[in-house]
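Me: I'd like to go through this model with you and check each label against its cut-off. Shall we begin?

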Amino acid sequence: MRIGIVGAGSMARAHAPGWIAAGAELVGIVAKHRSSAAVLAEQFGTRVFDSYKDLLTAVDVIDLCVPTDLHKTMTMQAAAARKHVICEKPLALTIKDGQAMIDACKEAGVRLFIAMVLRFFPQYQAAQKAVVAGQIGDLGVLRLKRVSYQPSGDDAWFANEARSGGLLLDLMVHDFDYASWLAGKVERVFAKSVRSKKPNAQGDYALVTLRFKNGCMALIEGGWAYPLGVFRTAFDIAGRKGLIEWNSDSTETIHPFLESTSPEVARVGLPLTVLSEDPYTSEIKHAFDAIKNNKPFAVTPQDALEAVRIALAARDSLKTGKPVYVEGGD
Amino acid sequence: MRIGIMSFAHLHAEAYIANIRKLSDIELIGFSDTDQERGEHFSEVFKTKCFQSHEGLLDAKPDAVIICSENANHREHVVMAAREGVHVLCEKPIAVSLEDAKIMRDACQKAGVNFMTAFPMRFDPSIIVVKEMLEQGKLGKLYAVNGINHSELPKKHRLWFTQKALAGGGAVMDHTVHLVDLLRWYTGHEITEVYAEISNVLYPGEVDVETVGLVTVTFENGVFASIDCSWSRPNNYPRWGHLQMELIGEKGAVSVDAFAQYLTVYSELAPRDPSWSAWGADPNQTMIEEFIASIKEKREPRVSWSDGFAALKVALACYESAQRKEPIRLKDFK
């Protein structure tokens, strides 16, 4: 199968090795800045295309590693060209857009995979398996943490809530999805956020309480309020029969204590640690296998849509100051 | 100075006995407990006198008492002690209703005795360091706090913690007040709004109170905080639980884990296996020293009735919020 990547930012860089590892044919890259695309093309042994349209004609699968506000249009174009779509998270900025993407791909008979990479992190998978196996009984209360620094993308698009959806949609969507994966349907959401780093125009720290239909609850903490280089994640999942704890602070296998004056900091923080396989590679290999062999995806566009629904409910709660009930989504 | 302990219902009484005995100029006159079996047991364990009635303890003329009875009995015991002119250090939450708390205040004021709320974490060195960091502006303006004070189900220590009539509630009454107090102290502001999700999804049918709670409080200066008060640590956890905070300010964040200093002991002979055995500071000691100093110096203790009352009010508002499924304005809450 022939693959084309759209975008040349941190996600394109994270996905490209996955396609190589999967044994896919990476036929080309297109990006707004040709020079950035050229660097990636050189590194991964592929070439730069002149336009998205040209790339679409040359591939079977398109991998959209572009700012979120472009997801809908580019997915619709790919579906119209009858190409399978891999699209970075979050699915879309609105439920309407997300549903339109899902419908368009369905009607075109192409697959749509939303890259909800957290589902491919081995510690998160292991905890989910333990929960499903009943090792800790029915769930009571979940605590999920994801705190880092303000990512800096092209044109500062992350900081532009109209383009990225902000902290709730861009970062916390991971944990909204994970909590739903474990605990099922969310009934209501209560959220508080603050803008600690000025002059950013959006909230960069939020505490969101989810109440699930089955009576359990979750506290989701998300932040871009931390100094450069920080990326901390944690979960604490308490059930009737037991507890699962994990945090990134205590499970780093390597701690360098180097005399370095200026540590390198990635433009976008990623929660990577030493693992047998990079979760982005696991994710791409899974999507590739599922498309090639017509198997179901481990995370569906409906799952991705549900996570957006929770994030939008949290945003509404910020506006109203009240708990917001999550509608629909079956 | 002579000190007694009123009731051994609260397990902290065990620790307080050891604290009092470390003080050279303080005499422990014993404790009172109307539960004869429990009284005899702890009298034997701690080699101290058990008075079979609270009147008996007060007849022995203590200068001060530590109230370790069930939450619902605090009012009766505080009033009894105050009438005898005895100073009071009262376990938290100070009462199960605002009316009871006010009766306690009035009794102490009338008798001219000190009332101190037992919030030991105010005296914890790591908690104090963070307070100093805030005062020195190291975090800049404080914006938000993610607080955790979750624990195991306290039923195995004392059944009454899980009985509404005696405890006034469950996990919310047990654990919300510590962090509310610390956050009021850190911010120097009062809480204006409370939102709480509470549930008995853990241990359903086993206890008649809420076992899980996620509370969101907002202060008058805009700071907001989450407090996890859940009884969500399993019974085989290496320790009772945690008190942790992550504070987010304009210059970054700081996390504090007040009970991080422990040894991990793997032994079938340890209280649990494995067991986290504390080697850090004992804030109870400093708290009791402050109580005694406030009496000697004839001044208000550093943690007052007002602090205990403010924390109780938030805990009670949690139940109202959970019932109404909406945030509660604290000024409207009676």
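Me: Which residues does A:Gly137 touch, leaving aside those up to four places away in sequence?

Reply: First, a word on the model: it is predicted, local features need pLDDT of at least 70, side-chain atom pairs count only at pLDDT 80 or more, and totals for chains, interfaces and linings use all residues. Residues are numbered from 1 along each chain as its sequence is written, while chains are lettered from A and ligands numbered from 1 in the order in which they are written. Now to your glycine: A:Gly137 touches A:Gly239, A:Arg240, A:Lys241 and A:Gly242. A contact here needs two C-beta atoms, placed from the backbone, within 7 Å.

Me: Where is A:Gly137 found, and why is it called partly exposed?

Reply: A:Gly137 is in the loop between helix H6 (122–132) and strand S6 (139–148) of chain A. Helices (H or I, at least four residues) and strands (E, at least two) are DSSP runs numbered from the N terminus. A residue is buried with 20 or more other C-beta atoms within 10 Å of its own, exposed with 12 or fewer, and partly exposed in between, the C-beta atoms being placed from the backbone. A:Gly137 has 14, so it is partly exposed. As for A:Gly4, 133 residues away along the chain, its C-alpha atom is separated from that of A:Gly137 by 44 Å.

Me: What puts the buried residues of H6(A) on the same side of the helix?

Reply: The residues in question are A:Tyr124, A:Ala127 and A:Val131. They cover an arc of only 65 degrees around the axis, and therefore sit on the same side of H6(A); the arc is that of the directions from the helix axis to the C-beta atoms. An α-helix has 3.6 residues a turn, so residues three or four places apart point the same way. On the other side of H6(A), A:Ala126, A:Lys129 and A:Val132 are exposed. The buried residues of H6(A) pack against S6, helix H9 (173–183), strand S10 (231–239) and strand S11 (243–247) of chain A. After H6(A) comes A:Gly134, with a positive phi near 80 degrees.

Me: Phi of A:Ala156 is positive too, in a residue other than glycine. Is A:Ala156 buried, exposed or partly exposed?

Reply: Its phi is near 50 degrees, and A:Ala156 is found in the loop between S6 and helix H7 (161–164) of chain A. It has 14 C-beta neighbours inside 10 Å, so A:Ala156 counts as partly exposed.

Me: And why does B:Lys47 count as exposed?

Reply: B:Lys47 has 8 C-beta neighbours inside 10 Å, so it counts as exposed. The residue lies in the loop between helix H2 (36–46) and strand S3 (50–51) of chain B, and its phi is positive, about 50 degrees, although B:Lys47 is not a glycine.

Me: What makes H4(B) roughly parallel to H5(B)?

Reply: Helix H4 (residues 74–83) and helix H5 (residues 98–111) of chain B pack at about 5 degrees, with axes 9 Å apart. Such axes are lines fitted to C-alpha atoms, for helices over the stretch in contact, and angles run from 0 to 180 degrees between N-to-C directions. Under 35 degrees counts as roughly parallel, over 145 as roughly antiparallel, 65 to 115 as roughly perpendicular and the rest as oblique, so H4(B) is roughly parallel to H5(B). Among the residues that meet are B:Val78 and B:Val79 in H4(B) and B:Ile103 and B:Met104 in H5(B).

Me: How do you know that S7(B) is largely enclosed, and which strands pair with it?

Reply: Of the 7 residues of S7(B), 7 are buried, so the rest of the structure largely encloses the strand. Two strands pair if DSSP finds at least two bridges between them. S7(B) pairs with S11(B) in the antiparallel sense over 6 bridges, and with S10(B) in the parallel sense over 5 bridges. B:Asn146 stands opposite B:Glu246 in S11(B) and opposite B:Ser226 in S10(B).

Me: How many residues does each chain give to the contact of chain A with chain B?

Reply: Chain B gives 28 residues and chain A gives 27 residues. Elements of chain B that give two or more include strand S7 (142–148), strand S8 (191–199) and strand S9 (212–219). The largest share of chain B's side, 4 residues, comes from S9(B).

Me: Which peptide bonds are cis?

Reply: Among them is the bond from A:Lys89 to A:Pro90, with omega near -10 degrees. Another joins B:Asp273 and B:Pro274, with omega about 0 degrees. A:Pro90 is in the loop between strand S4 (84–88) and helix H5 (95–108) of chain A.
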